[in-house]
Amino acid sequence: MRIRATVAAVSGALALSVLAVPAAQADDSVASRADVAKVRQAAHAASARAAGKPYALNVSFSNFKIAKTVKVGTTNHVATTVTYTLTHGADVDIAARDFVTDPIIYRGSYTAPDNMLYGNKPAKCTATNATTATCKGTIDVYPGDHELRNTDAGTWRAAAEATAFNGQDPAGETFDITKVGYKGQSGLGSTLMQRFSKLTVDASPEPVKKGKPITVTGKLSRANWDRGTYNGYVEQPVNLQFRKNGTNTYTTVKTVKTNATGNLKTTVTAAQDGYFRFTFAGTTTTPAATATGDFVDVR
């Protein structure tokens, strides 16, 4: 399990200082996540309070690509791949073991985020010419470690950073942060962080006589990141659909709203053999969901 506190629990520069992953997870780099966080904190701190700052590293980022949505449940680790282009000056050695670059997504302000997520390991970069490289990393999310709150659902903005330690050891007595280069660049894109959803359906009785009522029930629920459970998604429109036996196409019969606990209940008249299902179109905070069709034998 990685050691990483959620930024939402603290604020400002202090929050940035506790975002750490053990050095053993730092891949081929000799720098740990805690080392990068220390440099990031100093770079973002107010001048009057900063005990020295890293110099501005001569790099920039472009072509940032991330999934449009990241669907997160309550327990399973979720990883989404990110790629971007890193352009750097001739004085920046991106092949150095203590050069680190990362993709980041965040909520709120980049310099004082409400929450921030990045990868377990630094991104890996492949040089395309003397001053340009294509980089690939991940954003890793561990909802079971309380990295997200329900209020985090929605748009997250994207950024990338690069740190050149230039032989400086953050744990050493002679560490000089002014000899470390750092560059963070926000505004590179965005993604939707969504609370994973589930939808069920049950049509009864089975079998049923033609012309008699069929009661269709179900439930729409979504991940509750605050509690680590799934709870009903209330007052949401859900379509009831029917597919005649022997065909492949579902047709919407009616729209039903979930109640105060996320439950669904409606009735239809039995006409022919087929499958009933509920389907939910999704919202900004919650992805679409479709229940597996439930067969009803009409006699």
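## Residue G187

Leaving aside neighbours within four places in sequence, G187 is in contact with Y106 and A158. The model described here is predicted. G187 is found in strand β10, which covers residues 181-195. With a relative accessibility of 66%, G187 counts as exposed. The C-alpha atoms of G187 and A160 are separated by 9.2 Å, and these two residues are 27 residues apart along the chain.

## Aromatic pairs

A pair of aromatic rings is described by the distance of the centres and the angle of the planes. The count in this model comes to six aromatic pairs. In one of them, Y233 and F280, the ring centres are 5.8 Å apart and the planes stand at 80°; an angle over 60 degrees counts as edge-to-face, so this pair is edge-to-face. Y233 lies in the loop between β13 (229-232) and β14 (237-244), while F280 is in strand β17 (residues 274-280), so the pair ties together parts that are 47 residues apart in sequence. Y233 is buried at 9% relative accessibility, and F280 is buried at 3%.

The rings of Y275 and F295 have centres 5.1 Å apart and planes at 55°, so the pair is tilted. This pair also links distant parts of the chain: Y275 is in strand β17 and F295 in strand β19 (residues 294-296), 20 residues apart. Y275 is partly exposed, with a relative accessible area of 22%, and F295 is partly exposed at 29%. Elsewhere, F61, F64 and Y84 are linked into a cluster by ring pairs.

## Charges over rings

Two tyrosine rings have a charged side chain over the face. K198 lies over the face of Y230, at 4.0 Å from the ring centre. R277 lies over the face of Y250, with a distance of 3.7 Å from the ring centre.

## Residue H88

H88 is found in strand β4, residues 78-88. Its relative accessible area is 7%, and since buried means under 20%, H88 is buried. The side chain of H88 reaches the backbone oxygen of V92 at 3.3 Å. Not counting residues up to four places away in sequence, H88 touches N58, V59, I94, A130, T131 and T132.

## Helix α2

Helix α2 has 12 residues (residues 33-44), which at 1.5 Å a residue should span 16 Å. The C-alpha atoms at its ends are 16 Å apart, which agrees with that expectation. Buried residues in α2 are R33, D35, V36, A37, V39, R40, A42 and H44.

## Backbone geometry

Most residues other than glycine have a negative phi, and most peptide bonds are trans. A cis peptide bond joins S204 and P205, with omega about 5°. Another cis peptide bond joins E206 and P207, where omega is about -5°. P205 lies in the loop between β11 (197-204) and β12 (213-224), and P207 is placed in the loop between β11 and β12 as well.

H146 has a phi near 60°, a positive value in a residue other than glycine. H146 lies in the loop between β8 (132-141) and β9 (154-164) and, at 52% relative accessibility, counts as exposed. E235 also has a positive phi, near 55°. The place of E235 is in the loop between β13 and β14, and with a relative accessible area of 47% E235 is partly exposed.

How values were computed: Residues are numbered from 1 along each chain as its sequence is written. This is a predicted model: local features need pLDDT of at least 70, side-chain atom pairs count only at pLDDT 80 or more; totals for chains, interfaces and linings use all residues. Side-chain values use heavy atoms; hydrogens and water are left out. Rings of Phe, Tyr and Trp (its six-membered ring) pair if their centres lie within 6.5 Å; planes under 30 degrees apart count as stacked, over 60 as edge-to-face and the rest as tilted. Helices (H or I, at least four residues) and strands (E, at least two) are DSSP runs, numbered from the N terminus. Buried means under 20% relative accessible area, exposed over 50%, partly exposed in between (1.4 Å probe, protein chains only). A charge sits over a ring if NZ of Lys or CZ of Arg is within 6 Å of the ring centre and within 35 degrees of the ring normal. A polar contact is a pair of N or O atoms within 3.5 Å; within protein, one must be able to donate a hydrogen and the other to accept it, and residues adjacent in sequence count only if both atoms are side-chain atoms. Contact means heavy atoms within 4.5 Å. The expected span of a helix is 1.5 Å times one less than its number of residues.
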